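Dear colleague,

Please find below the structure that I am handing over to you. My notes on it follow directly after.

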Amino acid sequence: MSLTNNSIGHKNDVFNYGFYIQYLKNDSSLLNTLSDKYGSDKGEVSSNLNPYPWPSHNYTDFYSLVFGLRRNEVKTVVECGIGTNNPALKSSMGVAGKPGASLRLWKEYFPNANILGCDIDDDILFSEERINTFHCDQTSPESIKSFLSNAEIIEGSVDIIIDDGLHEYYAGVCFFENIIASLRLDGIYIIEDVTHDDIIKYKNYFYENNAAFEARFVFLKSPLRTWGDDNNLICITRKTIL
Ligand SMILES: C[S@@+](CC[C@H](N)C(=O)[O-])C[C@H]1O[C@@H](n2cnc3c(N)ncnc32)[C@H](O)[C@@H]1O
């Protein structure tokens, strides 16, 4: 599939920010090991340990590159999407799901960080040392505002924000617009599981907002997954004080 084809309606100059990360079968990758240990589908060492009926992503290959250098410096991580195991809910991990898997992965990977999670499913909220979780519907600005207040998140304080929630364009934009002021100026904002259709919408969105943000579109290539699925993410940094 040619992603530089103008006929699909994106703004070409924004598209040039896209790059590809090749699957790296790396048994010594800490993030892959932690994905297996806690049951997140962000990566894997062994498919036998993956509790889900779908193959893992290889986001860990990218995260090892961008987060590896600041492991000890990261103080606050926010992730939307705790990983419900209620199959009736949208974006559920299914009955084999392990709620909190990625939050525990981040906690072990960033030894000096507090991890704040949020989700629409109140049944999976929990707290343990260095992890706190809160209700949030990412499609509602009011709900995001309440989450920020309840979690006592102040402006410009968060090192990493990850949207692994509903995975629909309007929800992604709503969460981004209502939480982005919390990101540090040198922080990193990630949107996971972006379909190729939504990539085009996000490209146009970030084209319109390119004075404030730089968005890089990352296409993860993996033999575990079908090329053209949602194994893509967007990595956003701030350019200006909002
Ligand atoms: C893919 S799972 C997250 C997996 C987890 N981050 C991990 O790697 O282990 C997606 C989560 O998004 C939540 N979700 C769905 N719609 C949501 C919404 N509108 N607001 C917030 N969370 C939502 C689901 O309840 C589910 O727990």
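**The ligand and its surroundings**

The side chain of Ser 40 has an N or O atom 3.0 Å from an oxygen atom of the ligand, a polar contact in the sense of a pair of N or O atoms within 3.5 Å; within protein, one must be able to donate a hydrogen and the other to accept it, and residues adjacent in sequence count only if both atoms are side-chain atoms. Of the 610 Å² of accessible area that the ligand has on its own, the protein covers 97% (Shrake-Rupley method with a 1.4 Å probe; for residues, only the protein chains shown count as cover).

Please note that this is a predicted model, in which local features need pLDDT of at least 70 and side-chain atom pairs count only at pLDDT 80 or more, while totals for chains, interfaces and linings use all residues. Residues are numbered from 1 along each chain as its sequence is written, and side-chain values use heavy atoms, with hydrogens and water left out.

The shell around the ligand holds 21 residues, of which Gly 81, Thr 84, Asp 119, Gln 138 and Asp 164 come nearest (a residue is near if one of its heavy atoms lies within 4 Å). By type, seven residues of this shell are nonpolar, eight are polar and six are charged (Ala, Val, Leu, Ile, Met, Phe, Trp, Tyr, Cys and Pro count as nonpolar, Asp, Glu, Lys and Arg as charged, and the others, Gly among them, as polar). At least two shell residues come from each of strand S2 (76-80) and helix H4 (101-109); helices (H or I, at least four residues) and strands (E, at least two) are DSSP runs, numbered from the N terminus.

**Helices and buried positions**

Helix H4 is mostly covered, with seven of its nine residues buried (buried means under 20% relative accessible area, exposed over 50%, partly exposed in between; 1.4 Å probe, protein chains only). The buried residues of H4 are Ala 101, Ser 102, Leu 103, Leu 105, Trp 106, Lys 107 and Tyr 109.

Tyr 63 belongs to helix H3 (residues 59-67) and is buried, because its relative accessible area is 0%. The C-alpha atoms of Tyr 63 and Ile 234 are 12 Å apart, although 171 residues separate the two along the chain. Gly 43, in the loop between H2 and H3, is likewise buried, at 1% relative accessible area. Its C-alpha atom is 7.8 Å from that of Asp 61, 18 residues away in sequence.

**Loop residues**

Asn 26 is placed in the loop between strand S1 (19-22) and helix H2 (30-38). Asn 26 counts as partly exposed because its relative accessibility is 25%, and its side chain makes a polar contact of 2.8 Å with the side chain of Ser 28.

Two further loop residues have a positive phi without being glycine. Arg 130, between strand S4 (127-128) and strand S5 (131-135), has a phi near 65° and is partly exposed at 24%. Glu 152, between helix H5 (141-150) and strand S6 (158-163), has a phi of about 55° and counts as exposed, since its relative accessibility is 69%.

With kind regards
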